[in-house]
Amino acid sequence: MQDLIAKAKEQAQQAELYQITVTETPVRYENNKLKGIDARSRQINALRIVKDGKLGFATSTGDNLQPLLDMAVTNAQFGREWDLPLPGAASLPQVELTHPSTVLDTDTLVGMGEKLVGRLSKCHPDLLASADINTRQTTTKLINSQGFAGEYSKRTFSILGGADLTEGKNFLSLYAGFISGKLEDQLEKTIASLVENFEYGRTNVPVKSDKYTVIFTPQGLGDILSPLLECANGLAVEKGFSPWKDKLGKKLFSEQFSLYDDATIPFGPASCLFDGEGTPAQSTAIIEKGVVNSFIHNMVTAKALGHKSTGNGFRSKNGELSSPGNSNVVLDITETQPLEQLLGSVQQGILIHSLMGAWAGNPYGGQVNGNILLGFLIEDGRIIGRVKDCMVSVNVFEALNHQVLGASSEKEWAWNVLAPHLKLKDIAISAKG
């Protein structure tokens, strides 16, 4: 890599080489049976150069780096103008990325899948269970002509379990899972969540169109947080799509509500030492006590808006040039109580695990409308059954300003989001018929 950068400096003013190597062992179960075991590895190389004020870029796979330079030089003739200096040498944070517990052999992964599928299949003779269990080792390297040289490795464990059951006209589909740099009780939690939701979900209960107290689980909060993350994305701000362009320092939400992007959480699923451009990882308060505090930037959007990069210039799995994206997303609510008490305080409400179709809305307007894929009716603090053929409609900006009733003191990971159960009042639920 150093040799290629040295050669690139002979032809270009700046050069950067990014390399990511991924080795993984996914174990898949479908319809209660082992479907496949794979062991695969891939390496992506991406070279960025600045020649005569224009950007040249090329990618390749494998160990042969030499063709990259010729391709990047050729592409620079047609590249966009570029006047940004690449990051120089930097002090990187100390972040725990890998735990010995995630070093698992194939037999162990297969055993986990068998345990999950076996436990679910006992729930009903016609239930079809699935599982995807994987360990992934990732090594990321980045060097450039300005003096930056960084490398880190991380290993993650992921599990996704599913259960499908068709009884007459009733179809119940469930899923639950985790991804983490540290193996704890994720298997047991996944099984417990699926079994509990299956038991609740087999009983369908009627619900009327009305406004309800709604509790969103950490898994169900993805669609609720999405408009906030889209509005805080530096690219949306730069292009003028985001309504927050002139809102930095303005209080738009409840003082109970804070939202962070934090790439430095020990063993977090999206933790790292630096982003895809060489900016050190950090924790960024997007919203703090209701106030819009920061946008999420890579180098390009930061310069366009006169800000500093927040270390959120991430690349796709194929190594393309970075764009602003989130690492670990953390939701904080100041007023909390144990989950059991949070549920027990609801006289009549809806617990929402997942939505369908909500992503198709307009995130910059804050409006989320989606069918409730998995939700349960709560009466007198108890879950009494599954609601079907219902839609939820919520303006996230309004709800997180005036409708927050609190949250659970317990937090859970839902992929790259660490969040509590969130309780909101007066949420519109539309029921078919």
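This is a predicted model: local features need pLDDT of at least 70, side-chain atom pairs count only at pLDDT 80 or more; totals for chains, interfaces and linings use all residues.

Biologist: What makes a residue part of the lining of a pocket?

Modeller: Lining residues have an atom within 4 Å of a pocket point. For the largest pocket, 29 residues line the space, and Ile-20, Arg-136, Thr-138, Lys-154 and Pro-269 lie nearest its centre. The volume of this pocket is about 860 Å³.

Biologist: How do you know how many of its lining residues are charged?

Modeller: Asp, Glu, Lys and Arg count as charged. On that basis the lining of the largest pocket has six charged residues, beside eleven nonpolar and twelve polar ones.

Biologist: Which helix gives the largest share to the lining of the second largest pocket?

Modeller: That is α4, with six residues. This pocket has a volume of about 600 Å³, and among the residues nearest its centre are Ser-193, Glu-196 and His-353.

Biologist: Now to α1. Why are some residues of this helix called buried?

Modeller: Buried means under 20% relative accessible area; in α1 (residues 2-9), the buried residues are therefore Leu-4, Ile-5 and Ala-8.

Biologist: What puts them on the same side of α1?

Modeller: They cover an arc of only 100° around the axis, so they sit on the same side. The face turned away from that buried side carries Gln-2 and Asp-3, which are exposed.

Biologist: What do the buried residues pack against?

Modeller: Their partners are β1, β4, α2 and β6. That brings us back to β6, the strand with five residues in the lining of the largest pocket.

Technical notes. Residues are numbered from 1 along each chain as its sequence is written. Side-chain values use heavy atoms; hydrogens and water are left out. Buried means under 20% relative accessible area, exposed over 50%, partly exposed in between (1.4 Å probe, protein chains only). Helices (H or I, at least four residues) and strands (E, at least two) are DSSP runs, numbered from the N terminus. The arc is that of the directions from the helix axis to the C-beta atoms. Contact means heavy atoms within 4.5 Å. On a 1 Å grid over the protein atoms alone, a cavity is a set of points where a 1.4 Å probe fits but cannot get out, and a pocket is an open set with protein on both sides within 12 Å along at least five of seven lines; lining residues have an atom within 4 Å of a point. Grid points are joined across faces, edges and corners, and a volume is the space filled by probe spheres set on the points.
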